[in-house]
Amino acid sequence: MDKRKMANLRVKGNIINALFALMQKKRLSEITITELVDAADVARASFYRNYCSKEDVLVTLIRDVLEDFRSRIAPGQDSFYTYKNILLSFQYFDAFRSYILDLYHSGFTSVFLEELNRFHESIEGTMPSSSIRKYQLYMYIGALFNTAMEWLLENDRISPEEMARFFFPAALKMLQEEPLSE
């Protein structure tokens, strides 16, 4: 990687870390761009070269993490929703726990959930707007998100492996092709 790209990655990292540090002290809406670039020790132009707004920093980080996740999922499966990929999901939730909890405490988990929705939609591809599959997918995403959030909020948490063993059978039921009979 050339020096310029490495420098830009450092700038982005500084901005992300500074934003989350400032979010520990005040609401995102109260943080100014001036405060952010000062805390990140970067030029204002460097901020705007990479981001449009403070919220864009959060969305970009979430998208970058999801793309990294996509690069690590088990390839060649008939379904994305395998035990191995669910385990990887909980491992990612665990690895990014502090960022996710900062989003939660700042009232920005809806941003994270929306990006999870878009990510899973991109994996599934186009679905008819009224298809059961679409509703099953959103049920899965909501269950994964809410389960992971409650798990991350626990101080004495079980392991990602235990969470995946618990969650996987429920995910299979949610994602089966035919709706459950009444």
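Predicted model: local features only at pLDDT ≥ 70, side-chain atom pairs only at ≥ 80, totals over all residues.
**Aromatic pairs**

A pair of aromatic rings is described by the distance of the centres and the angle of the planes. The structure holds 14 aromatic pairs. One of them joins Phe69 and Tyr92 in an edge-to-face arrangement, with 5.2 Å from centre to centre and 85° between the planes. This pair links distant parts of the chain: Phe69 belongs to helix 4 (residues 54-72) and Tyr92 to helix 5 (residues 83-95), and the two are 23 residues apart. Phe69 has a relative accessibility of 5% and therefore counts as buried. Tyr92, at 12% relative accessibility, also counts as buried, because buried means under 20% relative accessible area.

A second pair is made by Phe90 and Phe93. Their ring centres are 6.0 Å apart and their planes stand at 55°, so the pair is tilted; the planes of an edge-to-face pair would have to be over 60 degrees apart. Phe90 and Phe93 both lie in helix 5, three residues apart, which is about one turn of the helix. Both residues are buried.

The geometry of the two pairs is set out below.

| Pair | Centre to centre | Angle between planes | Arrangement |
|---|---|---|---|
| Phe69 and Tyr92 | 5.2 Å | 85° | edge-to-face |
| Phe90 and Phe93 | 6.0 Å | 55° | tilted |

**The aromatic cluster**

Phe90 and Phe93 are also members of one aromatic cluster, together with Tyr81, Phe112, Tyr140, Phe145, Trp151 and Phe167. Trp151, a member of this cluster, has Arg157 over the face of its ring, at 4.8 Å from the ring centre.

**The largest cavity**

Rolling a probe the size of a water molecule over the atoms shows where empty space is left. The structure holds one cavity of 30 Å³ or more. The volume of the largest cavity is about 250 Å³.

Which residues lie nearest the centre of the largest cavity? They are Val65, Leu66, Phe93, Ile100 and Phe112, out of 19 residues that line the cavity. Phe93 and Phe112 are also part of the aromatic cluster.

Several helices contribute to the lining. Helix 4, helix 5, helix 6 (97-105) and helix 7 (109-124) each supply at least two residues. Helix 4 gives the most, with six residues. Helix 4 and helix 5 are also the helices that hold Phe69 and Tyr92, respectively.

By residue type, the lining of the largest cavity consists of 17 nonpolar and two polar residues, with no charged ones.

Note on methods. Residues numbered from 1 in each chain as written. Heavy atoms only, no water. Phe/Tyr/Trp six-rings, centres within 6.5 Å; stacked < 30°, edge-to-face > 60°. Helix = DSSP H or I, 4+ residues; strand = E, 2+ residues; numbered from the N terminus. Buried < 20%, exposed > 50% of the residue type's maximum accessible area, 1.4 Å probe, protein only. Lys NZ or Arg CZ within 6 Å of the ring centre and 35° of its normal. 1 Å grid on protein atoms, 1.4 Å probe; cavity = no way out; pocket = protein on both sides within 12 Å on 5 of 7 lines; lining within 4 Å. Points joined across faces, edges and corners; volume = space filled by probe spheres on them. Nonpolar A, V, L, I, M, F, W, Y, C, P; charged D, E, K, R; others polar.
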